[in-house]
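Please consult the sequence and the structure while reading the points below.

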Amino acid sequence: MILPGATLGVLGGGQLGRMFAMSARSMGYRVASWDPDPNAPARDFSTCHLSTGFEDESAIACFLENVQAITTEFENVPIATLERLSRERIVLPQPHSVGICQDRIREKTFLSRSGFPVPVFHPVLRTADFENLSGSFLFPALLKKSRLGYDGKGQALVQNLPEAVRLFSEWGEVPCILEERVTFLREISVVLGRGRGGEIRYFPLSENIHHQGVLEMSVAPANIGERASEKLRSISGAIAEKMEYTGILAVEYFMLGDDRFLVNELAPRPHNSGHFTLDGCRTSQFEQQVRILCDLPMGETTLVSPVAMGNLMGDLWGKGEPDWSVLLSDPRVKLHLYGKSEARPGRKMGHFTLLGGDAVQALEETRKLLQKLRESRPLPA
Ligand code: AMP
């Protein structure tokens, strides 16, 4: 066990790193965050912050000297750095899992070869790969960059083959996948923790509502019935076991109906669709991340109350700082702002949760609060 007083390192200092640091600090750990951005959100809650690139030798040495265990808050950390660190310190999730999840071609190939259900996809490394498309492949489809895509970025809908070829060339022929467009009923995610001894704890499943490829709201529990929920837990657990994964893993699904599901994406870290756990569960996904990293027993993941989560995107700052009294005058609402100084459209600035009587009602009220916030007059500068 790694006990309070020890220093935990986190690679990446965005909001996920910030909420990890908040949990760790409240338990008495020290936190070293590392993010090239000197104003990264995690900095406010870190005992020290390194603001160099992830390949910087002196930062690697400094990290190794000062931290007892290391985790990541995003998947795009260079694997070579994670491997270097893992030779001398505990690094969770392990570099090989992060390597799978940071590259869509590797991720989808791993999933389909292991027998997990995924949408029909084709890796595209060069233009000639489009010629190998099977005759049954259907357009419209999504062209997705294999690396560095997130929140709907680095992906676009293409109506036909010539359009896909043109876009691939416009993107500079970087590796991509061409993926069938799935007609789904719902999007569901499973966030789980897998401890160092292989024990798995699942957080309650959430249903996710996206707007233009970006998560807008989540609600838990997902209203999909016990049989479907059990099926998703079982697939997610099997994915974690197959990767010999340790840490927090999020698995996003498309629900097609008749209890049929496809895996959309894996995230080797706490996930936006698991933010409801901060207020809605006995243990949050961030505390669980600390617990697994420090080899403490995992906490109870029971849902305290039905809960919905609304994302606060930079678009809300269009006319100035939103009027927070819209949210804060409702005592059921918990506000979480990430301390980002610059609001840009599409940037995640914060979120709120609403703990309500039942999930449908909590979601509806969250939707209304977001709308009210959009319509409210901004706070005077
Ligand atoms: P991703 O970054 O791949 O998770 O995509 C972001 C969002 O875009 C997903 O949550 C879906 O709402 C949508 N999306 C992604 N892939 C597909 C697909 N193959 N078919 C339909 N919608 C998709």
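Is lysine 108 buried or exposed? With a relative accessibility of 1%, lysine 108 counts as buried, where buried means under 20% relative accessible area, exposed over 50% and partly exposed in between (1.4 Å probe, protein chains only). The model is predicted: local features need pLDDT of at least 70, side-chain atom pairs count only at pLDDT 80 or more, and totals for chains, interfaces and linings use all residues. Residues are numbered from 1 along each chain as its sequence is written, and side-chain values use heavy atoms, leaving out hydrogens and water.

**Overall fold**
- The protein contains 11 helices and 18 strands, which are DSSP runs (helices H or I, at least four residues; strands E, at least two) numbered from the N terminus.
- Of the 381 residues in the protein, 56% are buried.
- The C-alpha trace spans about 60 × 50 × 45 Å along its principal axes.

**Salt bridges**
- The whole structure holds 20 salt bridges, each a side-chain nitrogen of Lys or Arg within 4 Å of a carboxyl oxygen of Asp or Glu.
- Lysine 108 pairs with glutamate 179 in a salt bridge, their closest N and O atoms being 2.7 Å apart.
- This pair links distant parts of the chain, with lysine 108 in helix 5 (residues 104-113) and glutamate 179 in strand 9 (residues 176-180), 71 residues apart.
- Glutamate 179 is also buried, at 1% relative accessible area.
- Arginine 227 and aspartate 259 form a salt bridge (2.7 Å, N to O); arginine 227 is exposed at 66% relative accessibility, whereas aspartate 259 is buried at 17%.
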